[in-house]
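Me: I am new to this structure and would like to go through it in order. Please show it, and then let us take it question by question.

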Amino acid sequence: MSVLTFERKQGAELWSEAELHILLPALNAALASEDGREWETGMTERGDAQFYLLGPLPDQACELCVSRICGRYILEDGSGRLLFEHQSLAVIALHAKAAVRSTRWSLVARAVLLWCMIRHTIHEKVEPLLIESEEILVHLAPQLAAFA
Amino acid sequence: MKRAKHQEGSGGKLQRTVVPEARQLRKEAGDWLKQRRAEAGLSQVALAERLGMKYYTFISQVENGFSRVPTEAMEAWAIQLGLEPSEFAKHLLLYYEPELYRLLFGKRK
């Protein structure tokens, strides 16, 4: 089994090496993209550890946040929506991985929807105009040919 | 796996790379919110309870500058912090959407 290596960040001492080795590989696909995604760690007022997965540049807003409170892990999105909570970080990591994937799929779904709307608009608005001009051309063509 | 952008400096200290402006402004907003919460005499836990949240972790997320106060929650935050909602939203807009703030209200004095 290969062990993935990573540099520990400033403040990352709040998370154990073992915890980071569970979280980071799960988010590897998101972090490996060259769009400025990063991870950061922080702490609540009460000293509870937080792990943030940041979105792409330039905004780098939090996409997912894992917090550890009294041995329990809390997974939230960047709007504070509670996604999952469990005592096992491995289970949380699986949910985080799925949440990142679903975020990407929702972007793909939006692109497909946009494409369908464009196609529909072309079909509804542009095609009748083309048919109309084609009909005019069919009517005018013999007359134009007669003049020629 | 992507390597962290913090690197060991010559003196052994960790050095930060340049933080994007949006992130920096969110952090300033977070600091401002933290001050307002302190003035209201609330802990993160107390504020979260008043906002009907199960956990207080999102308050920390916002105050640490990683997330924004959601627009739909601004009024509730303002009320719990004892602030006028419109002024609260206007002030946060200064950090979250500085260009929009400039267009609407001109440059900050």
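Me: How many helices and strands does chain A have, and in what order do the elements run?
Reply: Helices (H or I, at least four residues) and strands (E, at least two) are taken as DSSP runs, numbered from the N terminus. On that basis the secondary structure of chain A comes to three helices and five strands. From the N terminus on, the order is α-α-β-β-β-β-β-α. This is a predicted model, in which local features need pLDDT of at least 70 and side-chain atom pairs count only at pLDDT 80 or more, while totals for chains, interfaces and linings use all residues. Residues are numbered from 1 along each chain as its sequence is written, and chains are lettered from A and ligands numbered from 1 in the order in which they are written.

Me: Which strands are the edge strands of the sheet in chain A?
Reply: Two strands pair if DSSP finds at least two bridges between them. The five strands of chain A form an open, antiparallel sheet in the order 1-2-3-4-5. Pairing on one side only, the edge strands are strand 1 (39-43) and strand 5 (82-86) of chain A.

Me: Which residue in strand 2 of chain A stands opposite A:E40?
Reply: Strand 1 of chain A runs antiparallel to strand 2 (residues 49-54), and five bridges join them. The residue of strand 2 that stands opposite A:E40 is A:Y52.

Me: What share of the 148 residues in chain A is buried?
Reply: A residue is buried if 20 or more other C-beta atoms, placed from the backbone, lie within 10 Å of its own, exposed if 12 or fewer, and partly exposed in between. By that count, the buried share of the 148 residues in chain A is 27%.
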